[in-house]
Amino acid sequence: MAAGTIGALISPVAGPVAASAHVAEAVHATAAMSSSPIVGLAQGHGTGYWMVSSSGGIFSFGGAPFFGSLGSVRLEKPIVGMAATPDGNGYWLVASDGGVFAFGDAKFYGSTGGVALDKPIVGMAGAPGGTGYWLVASDGGIFSFGSARFHGSTGGIALDKPIVGMTARPDGLGYWLVASDGGIFAFGTAQFHGSTGGVALDRPIVGMASTSNGGGYWLVASDGGVFNFGNAPYRGSAVNFNAASGGQTVGLIPVGTGYWEPNNLGQVDSLGAPAPASSGPIVNTASTGPALPANVMPAKSIAPSSSFAQACWTASVNIANCNAAALADIDRARASEGYGPLALPGNFSSLSSVQQEVAVANAERTSRGLPALPENATLDYLAAVGAQADGGLGLDPTGPNGYSWGSNIAWGDPTALAADFGWMYDDGPNSENIDCSVAGAGGCWGHRENILSPWGGAQGAAVYVHNGTVNLTELFVQNY
């Protein structure tokens with residue numbers, strides 16, 4: 001890389017900045033979703049939850065911890081659903097061939113991954129206590145594992161429409177299957193409370209859920225229409241919500257006295273229930289192909305989620321919350337490139353701000369097969385000169401004479417992880433990179449190129465606060 005700076009990134013700021021500086025909006029414009037749609041959602045702790053894409057990418061929000069995903073795994077068949085353990089400390093994913101993938105405290109109890117199925121698997125349900133699960137195929141065939149007991153199936157029945165989902169009684173002594181026309185099939189102690197089997201639907205049913213005592217259930221259609229039976233209350237539908245966004249509902253999750261409806265864009269409509277942690281739209285969800293090479297730039301920028309923006313760019317920033325939100329967005333972006341979560345040092349939270357900048361850059365590099373660049377005190381000094389330049393407003397640092405180098409600056413990002421997301425994943429067209437006003441401009445992805453310089457050498461970093469605005473700088477020098 002030729003010597004010299006590669007432009008500047010300006011991020012949303014909480015404090016004042018110079019009048020001549022460009023100030024970005026706190027929430028970026030909505031980006032287009034990738035070809036890997038959201039196919040399911042499971043509730044975690046409180047209003048937290050997980051979403052899963054068809055390629056196995058996991059997106060965690062609120063109090064739902066990230067326990068792993070299949071974003072960097074080439075799957076033989078797409079993921080079609082997920083279920084969480086009762087304590088919210090794990091989850092299972094299921095593919096259309098019945099392959100089951102367990103994360104966190106979710107245990108693997110078996111799968112149909114090696115079985116020649118008559119029809120594909122379309123969903124799953126967890127057994128009480130998290131000690132088993134059922135899989136259901138589109139012909140209504142039921143496969144039970146662990147403590148989940150077989151109570152019957154429609155595998156030998158000629159169905160008018162395919163089965164699209166199932167839900168179990170809270171005690172595990174029965175379950176319901178639902179077909180795309182809303183036909184209901186009850187087994188075990190699960191009682192039939194009604195169906196839409198004889199109703200002309202505008203859109204097909206895509207899922208169902210039972211009430212907490214098993215005395216009723218909801219059916220939900222792809223347009224967000226909700227049909228309630230038994231003691232399941234009607235709290236509204238996501239029809240208008242989906243019409244406005246262009247999304248399609250993929251399921252229904254009971255929460256409190258109401259329910260959530262997630263759609264394939266990664267958005268969630270809350271109906272008579274506590275609002276979910278901020279979400280979607282999910283962009284570039286996950287890749288089933290090979291990992292993006294370090295020298296290949298992403299096809300598009302990824303905008304930060306609203307939860308990230310709220311955690312990091314408000315008047316009073318909690319550093320731990322900001323880092324958690326930033327890391328969640330980084331991991332989602334990495335999944336879109338075929339990489340697993342960013343592997344930070346175990347003592348990351350106890351490192352100085354400068355050491356954290358160095359650690360984050362090296363984690364991005366080494367995960368892509370590039371050598372780590374050790375911190376150098378002289379380069380730290382040069383990075384600090386840049387951070388404090390122009391009367392404290394900050395400029396890109398200048399590298400030492402006689403060496404090839406690249407440098408980055410971010411204004412207003414309170415932590416290294418917040419800056420890393422902008423530099424690495426939101427640095428192309430339609431981003432806050434002021435040197436990438438149009439596609440193909442020379443400064444597009446320049447910050448990312450600096451971090452992923454293919455050579456060895458050393459690096460320096462600095463943090464400087466001017467009138468409440470945080471300036472973070474990085475300097476990478478070849479063979480130094």
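Start with a list you can find in the viewer: Ile58, Phe66, Ser69, Asp331, Arg332, Ala335, Tyr339, Gly340 and Pro341 line the second largest cavity. Keep in mind that this is a predicted model. From that cavity we move on to a helix and then to the disulfides.

**Spaces inside**

- How many cavities of 30 Å³ or more are there? The count comes to three.
- Empty space of this kind shows up when a probe the size of a water molecule is rolled over the atoms.
- The second largest cavity holds about 40 Å³ of space.
- Which helix gives the largest share of its lining? Helix H3, covering residues 319–336, supplies three of the lining residues.
- Sorted by class, the residues around the second largest cavity are five nonpolar, two polar and two charged.

**An enclosed helix**

- To be called buried, a residue must have under 20% relative accessible area.

**Sulfur links**

- The model has two disulfides.
- Numbered in sequence order, the bonded cysteines of the chain pair up as 1-2, 3-4.

*Cys312 with Cys322*

- The sulfur atoms of Cys312 and Cys322 are 2.1 Å apart, and the two residues form a disulfide.
- What does this link tie together? Cys312 sits in helix H2 (residues 306–312) and Cys322 in helix H3, so the pair connects parts that are 10 residues apart in sequence.
- The S-S bond of Cys312 and Cys322 has a torsion of about 105°, which means that this disulfide is right-handed.
- Are Cys312 and Cys322 buried or exposed? Both of them are buried.
- Helix H3 links two of our topics, since Cys322 lies in H3 and H3 also contributes to the lining of the second largest cavity.

*Cys436 with Cys444*

- Another disulfide joins Cys436 to Cys444, with an S to S distance of 1.9 Å.
- About the S-S bond of Cys436 and Cys444 the torsion is about 90°, so this disulfide is right-handed.
- Cys436 has a relative accessible area of 1%, so Cys436 counts as buried.
- Cys444 has a relative accessible area of 11%, and Cys444 is therefore buried as well.

Note on methods:
Residues are numbered from 1 along each chain as its sequence is written. This is a predicted model: local features need pLDDT of at least 70, side-chain atom pairs count only at pLDDT 80 or more; totals for chains, interfaces and linings use all residues. Side-chain values use heavy atoms; hydrogens and water are left out. On a 1 Å grid over the protein atoms alone, a cavity is a set of points where a 1.4 Å probe fits but cannot get out, and a pocket is an open set with protein on both sides within 12 Å along at least five of seven lines; lining residues have an atom within 4 Å of a point. Grid points are joined across faces, edges and corners, and a volume is the space filled by probe spheres set on the points. Helices (H or I, at least four residues) and strands (E, at least two) are DSSP runs, numbered from the N terminus. Ala, Val, Leu, Ile, Met, Phe, Trp, Tyr, Cys and Pro count as nonpolar, Asp, Glu, Lys and Arg as charged, and the others, Gly among them, as polar. A disulfide is a pair of cysteine sulfur atoms within 2.5 Å. Buried means under 20% relative accessible area, exposed over 50%, partly exposed in between (1.4 Å probe, protein chains only).
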